[in-house]
Amino acid sequence: KRPAGAPDRKLARDVSKVGVVGAGLMASQLALLFARRLEVPVVMTDIDQDRVDKGLSYVEGEIDKLRAKGRLDEGKAAKLRSLVSGTVDKTEAYAKADFVVEAVFEELSLKQRIFAELEEIVSPECILATNTSSLSVTDMAAGLKHPERVVGFHFFNPVAVMPLLEVVRGGTTDDATLATALSVGKQLKKSCVLVGDAPAFVVNRLLFRFLGEVFDAIDHGTPVAVADTALDPLGLPMRPLRLLELVGTGVTHHIAQIMHDAFPDRFGVSENLARLAESGATTLLTEDGSLDPELV
Ligand code: CAA
């Protein structure tokens, strides 16, 4: 089904090579998804070879898991391995790409700089997509020679299984860019929703409101275990702390801060969330899914 407000799909351009900026967890998941669904070469870059190698190892590991589950035969697994590559050389990586998606740290100036650098390498038609979860797509395009090819392309973790994709029309995004992004989203087998360029789009407003209230309750003395399990009867797919683990305490706190700056009357920043982010904790739950005793 076409998302409401979508432009004519005939405007969509073909994509025969994809670039992914970054090789962290989100970027690596994207590289695998694009290669698997579009069956075109996908190149990841990062600031050093070590990071690139980690991203490539993640992709290898996921291909092995799919293979072990019988989701891929050996021929398809080998093809996938050959489609995904990584380098620190951006020119080599992106020269012939027609769709580049960035998935780097959530900082506007960094993303602006990356897009400006990319414009020196790619063709004027190459789509520049951002996986930002909360920043303005319009601001990211400002100052570019071709701001009309910038579009938001916001995925959810774990990328392989979460069906939703927010496609964001920025203030300067043109119809051909949007049509291409929607066509790619469909080929990735995602359910695309077309959203406006407002802080945190739609989903993270709801998600961060929810997580924010859970943490506000903890800040006001509700035991962590109670706040984490109180909504079990509603049948959520994941408890709040598991979700926090998945997204990452640092990333969650950073987005919460962005939300607070955009809507100070509606989004607070929890002192307990700040403390967890500050501690660098990546694991909040023990192996059996219960809370780390130090958090209780
Ligand atoms: N990578 C790849 N595959 C994964 C995975 C991962 N990290 N985690 C789970 N899966 C796969 C499993 O391998 C399994 O696949 P098979 O069917 O092939 O075996 C399938 O997903 C189901 O997994 P499980 O049976 O282990 O677990 P489940 O039934 O509890 O489902 C879940 C797992 C789909 C992740 C579910 O818990 C869920 O929907 N959780 C909510 C996640 C969510 O809300 N994500 C959004 C986070 S916010 C965000 O990302 C945006 C942002 O900007 C911050």
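Predicted model: local features only at pLDDT ≥ 70, side-chain atom pairs only at ≥ 80, totals over all residues.
**Ligand position.** Domain 1 (9-196) and domain 2 (204-279) each supply residues to the shell around the ligand, so it lies between them. I took the domain bounds as they stand; they come from an automatic or database domain assignment.

**Conventions.** I number residues from 1 along each chain as its sequence is written. Local features need pLDDT of at least 70 and side-chain atom pairs count only at pLDDT 80 or more, whereas totals for chains, interfaces and linings use all residues.

Of the 15 residues around the ligand, Ser133, Asn157, Pro158, Pro237 and Met238 come nearest. Helix H8 (203-219) and helix H10 (240-247) are the elements that give two or more residues to this shell. H10 provides the largest share, three residues. Helices are DSSP runs (H or I, at least four residues) and strands likewise (E, at least two), numbered from the N terminus.

I then sorted the shell by class: 11 nonpolar, three polar and one charged residues. Here Ala, Val, Leu, Ile, Met, Phe, Trp, Tyr, Cys and Pro count as nonpolar, Asp, Glu, Lys and Arg as charged, and the others, Gly among them, as polar.

I find the centres of domain 1 and domain 2, taken over C-alpha atoms, separated by 28 Å. Five residues from domain 1 and seven residues from domain 2 make the contact, with C-beta atoms, placed from the backbone, within 7 Å. The domain 1 side has one nonpolar, three polar and one charged residues.

Terms used. Contact = placed C-beta atoms within 7 Å. Near = placed C-beta within 6 Å.
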